[in-house]
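Me: Please take a close look at one residue in this structure. I would like its surroundings first, then the chain around it.

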Amino acid sequence: SAAHSLAGRLLTAPLSDDSASWPEADFVLLAVSDCAISECANRIPVRSRWIMLHSSGSGSLLQCAPHARCGVLWPMATLRRERSVDWKSTPLFVEGSDSECSHQIAELAHKISNVVVHADSALRQSYHLAAVSAANFSLFLFAETSEWLRSRGGDPRLLSPILQQIIGDFVDANNLHERQTGPAARGDKQTVERQWLEVSDRPALSALYRLFSDLIGLKHTSEK
């Protein structure tokens, strides 16, 4: 199992939900899917010393009940087993059930990252939604675009410089809509229609191209 594999890498032993097998600790971190947080928290014994943490961006602090001392330690990052993470530059969002817990969680977070953000559940969930929209949706669009380009004999790696430029704009600009370029932004309907037809063999990309072109066109038309 994943627990046994991780325990082996850390030169330790996996634990069960038998309270006798749990050692003393300052923190217990639940690195599980959102739907499993409450179940796992309820299976772990309540100890006065430790702080029960979950690592979900969209989960509530209340999911750690019945542990009175609890909190959240959420990294805003895409986590995959085969990919390493630059933890020092990864934002860590912290929340605690009280000021003492918040302070202790923040101290732990500062040992991991240089970017520590105090946020309650509502604000953290907003950041999580923003990350999903900016990263997950963009990745899906790029995956669809890459597959379409490969089918035409192109090399998606050549898109890397322009994508890096867009990321730079995202970091530096206040009004990103002012940086928008392309046929939809300039009202070139002929090019938009031609390109839309070119991707008609890929339903997902075709739908996204039409949706984004319409939204960009409406945005720039309303601002003129």
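Which element holds L92, and which residues does L92 contact beyond its sequence neighbours?

Reply: This is a predicted model. L92 lies in strand β4, which covers residues 92-96. L92 is buried, because its relative accessible area is 3%, and buried means under 20%.

Now the contacts, leaving aside neighbours within four places in sequence. Among the residues numbered below L92, the contacts are L73, W74, P75 and W87. F170 sits 78 residues from L92 along the chain. The C-alpha atoms of L92 and F170 are separated by 20 Å.

Next, the chain as a whole. The protein chain has 7 helices and 5 strands. From the N terminus, the order is α-β-α-β-β-β-α-β-α-α-α-α. The radius of gyration is 23 Å, well over the 17 Å that the globule rule gives for 224 residues, so the protein chain is more spread out than a compact globule. The C-alpha trace spans about 70 × 40 × 30 Å along its principal axes.

L92 is buried, and 29% of the 224 residues in the protein chain count as buried.

Last, the surface and the charges. The protein chain exposes about 14600 Å², and carbon and sulfur atoms supply 58% of that area. There are 22 positive and 25 negative charges. Their mean positions are 5 Å apart.

Methods
Residues numbered from 1 in each chain as written. Predicted model: local features only at pLDDT ≥ 70, side-chain atom pairs only at ≥ 80, totals over all residues. Heavy atoms only, no water. Helix = DSSP H or I, 4+ residues; strand = E, 2+ residues; numbered from the N terminus. Rg over C-alpha atoms; globule rule 2.2 N^0.38 Å. Buried < 20%, exposed > 50% of the residue type's maximum accessible area, 1.4 Å probe, protein only. Areas by Shrake-Rupley, 256 points an atom, 1.4 Å probe, with all protein chains shown as cover. Lys, Arg positive; Asp, Glu negative; His and termini not counted. Charge placed at Lys NZ, Arg CZ, Asp CG, Glu CD. Contact = heavy atoms within 4.5 Å.
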